[in-house]
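Biologist: I'd like to learn how to read a model like this one, feature by feature. Could you walk me through it?

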Amino acid sequence: MRTLLDRAADAAYTGWTTVTGSTLARYQAAVVRIGVALTFGAFLLREWPHRRVLYGDLAPWSGDLARQMLASNHAFTVLAWSDASWWFELVYVASIVVSVLMLLGWRTRATSLVFMVLVLSLQNRAVLVGDGGDNVVHLMAIYLVFTRCGEVWSLDARASRRGARGNGDPVGVAIWLLLGLALAFSQLSGFAKLGMLDLGLYTWGTFFWLCWLLAGLHGALARRAPSSEGAALLDALTSLLHNAAMLVIAGEVCFIYATAGWYKIQGSLWQGGTALWYPLHLHYFEPWPALNGVLGGNSTLVTLITYGTVMAQVGFPFLVFNRRIKNVMLAMMITEHLAIAVVLGLPFFSLAMITADAVFLPTGFLIRAGQGVAKGVARLAATPVVRQTIMRAPRATERDPEAVSVIR
């Protein structure tokens, strides 16, 4: 009996040290960061001509209607603070810029929080214009705040390897002070309504101030007392939050597929195997009418895809945790979303779902894929045109030893 208790205690201790002492699923977090930022930023660029109709002053869902809904659902959006056109344009352009910074992984500790604010602001301004892909981006933007999504495949990781932020990090301090001043001005001037979430003391303002203070404390301890118990405690808390957030992302993906599959089972069209036929014959979902006609005209293929979709979605939460079956399931789901992007013309929905699925991709596969991309970039940099371009800028290569190694 004693031996069994000792083993249980050792297992519990090992598990606790793992989730608090290491960052798990770093590459998966990086893929989610890149995919979500790419999806949101590309969507905003595509809708640039229609931005005011979707979220601005020309939207059918006016600012007054939005504020009435916000008063009932307690959602958060900075666009409710003002109906001025300059404010909307500022938020929209900032969303595109921050999406690019998030994709590159620049200062992800601060960028992820600002990215979440901007995603919520635009999507909650007009909730009726979104789809399932927008919901996925909405959720992932919140979860990424609690992750260390910039430890690999990011400018943060590059700066860490080069030791570029070892002497006080004045840029990081400036960003921290700027965000604090912006938050203080917004609240003290009365411009911002950060207490819209009616949960007592736990308002949006409290959440932002807590994040700001913890970031400042973590940075101060990392610079002045990196070996102190306080720094170790904050680092363990950060690791715990990251690992918990990645677990939540994985659970969210399972929940999405489970609910989608079980709701499909209850529908008569899915039970009859004809559900796919209808979107294939809607002009709104016909980027390639000839392709839709070929698929929609084959009743056997329509039935197989309809039933196969239901079985894959219902079985995903139960089969994805088996290492051998997981890769097959991921291949099926990614293929399905690629087909939706091409056949039904829903690229951003598909990209958002593929990004969410990536949380289950094997780490070894992601590392090999990253190495392949790096080799491709190196070959591109070795081409005569790019080589001449780089050689004309000797100062840049002198400052960057990695660039020199790539050229050689």
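Predicted model: local features only at pLDDT ≥ 70, side-chain atom pairs only at ≥ 80, totals over all residues.

Biologist: Which residue does arginine 67 meet in a salt bridge?

Modeller: The general idea comes first: side chains of opposite charge can pair when their charged atoms come close. Here the partner of arginine 67 is aspartate 83, with 2.6 Å from N to O. The pair links distant parts of the chain, since arginine 67 sits in helix α4 (residues 63–73) and aspartate 83 in the loop between α4 and α5, 16 residues apart. Aspartate 83 is partly exposed, with a relative accessible area of 47%.

Biologist: How many salt bridges are there?

Modeller: The count comes to nine. One of them joins arginine 51 to glutamate 89, with the closest N and O atoms 3.0 Å apart. Arginine 51 belongs to helix α3 (residues 51–54) and glutamate 89 to helix α5, so this pair ties together parts that are 38 residues apart in sequence. As for burial, arginine 51 is buried at a relative accessible area of 14%, while glutamate 89 counts as partly exposed at 25%.

Biologist: And what does arginine 52 pair with?

Modeller: Arginine 52 forms a salt bridge with aspartate 57, and their closest N and O atoms are 2.7 Å apart. Arginine 52 is partly exposed at 33% relative accessible area, and aspartate 57 is partly exposed at 43%.

Biologist: Now a charged residue of another kind. Is lysine 264 buried or exposed?

Modeller: Lysine 264 is buried, yet it has no salt bridge. The nearest side chain of opposite charge is glutamate 336, 6.4 Å away, and a salt bridge here needs nitrogen and oxygen within 4 Å. Lysine 264 is found in helix α11 (residues 229–265). Setting aside neighbours within four places in sequence, lysine 264 is in contact with Trp270, Thr309, Val310 and Gln313.

Biologist: Let's move on to helices. How do I describe a packed pair?

Modeller: Two packed helices are described by the angle between their axes and the distance between the axes. Take helix α6 (residues 108–125) and helix α10 (residues 204–224): their axes come within 11 Å and cross at roughly 165°.

Biologist: Are α6 and α10 roughly parallel or roughly antiparallel?

Modeller: Angles over 145 degrees count as roughly antiparallel, and α6 and α10 are therefore roughly antiparallel to each other. Their crossing is left-handed.

Biologist: Which residues meet where α6 and α10 pack?

Modeller: From α6 you have Arg109, Leu113, Met116, Val117 and Leu120. They meet Trp204, Phe207, Phe208, Cys211, Ala215 and His218 of α10. In general, an α-helix has 3.6 residues a turn, so residues three or four places apart point the same way.

Biologist: How many residues of helix α17 are buried?

Modeller: Eight of the 11 residues in α17 (residues 347–357) are buried, and the helix is mostly covered. Among the buried ones are Phe348, Met353, Ile354 and Asp357. The buried residues of α17 pack against α2 (26–46), α7 (132–144), α11 and α16 (323–343).

Biologist: Let's look at α2, then. What does valine 31 touch?

Modeller: Valine 31 has its place in helix α2. Apart from neighbours within four places in sequence, valine 31 is in contact with Trp153, Thr355, Ala358 and Leu366. Valine 31 counts as buried because its relative accessibility is 19%. Also, the C-alpha atoms of valine 31 and cysteine 149 are separated by 8.4 Å, though the two are 118 residues apart along the chain.

Biologist: Trp153 came up there. What about the phi of tryptophan 153?

Modeller: Tryptophan 153 has a positive phi of about 50° although it is not a glycine. Tryptophan 153 lies in the loop between α7 and α8 (155–162) and is partly exposed, with a relative accessible area of 30%. Arginine 107 also has a positive phi of about 50° and is not a glycine. Arginine 107 is placed in the loop between α5 (85–104) and α6, and counts as buried at 13% relative accessibility.

Biologist: To zoom out, how many helices and strands are there?

Modeller: The protein has 21 helices and zero strands. Of its 408 residues, 39% count as buried.

Definitions and conventions:
Residues numbered from 1 in each chain as written. Heavy atoms only, no water. Helix = DSSP H or I, 4+ residues; strand = E, 2+ residues; numbered from the N terminus. Buried < 20%, exposed > 50% of the residue type's maximum accessible area, 1.4 Å probe, protein only. Lys, Arg positive; Asp, Glu negative; His and termini not counted. Contact = heavy atoms within 4.5 Å. Axes fitted to C-alpha atoms, helices over the stretch in contact; angles between N-to-C directions. Parallel < 35°, antiparallel > 145°, perpendicular 65-115°, else oblique. Left-handed = near helix turned anticlockwise from the far one by under 90°.
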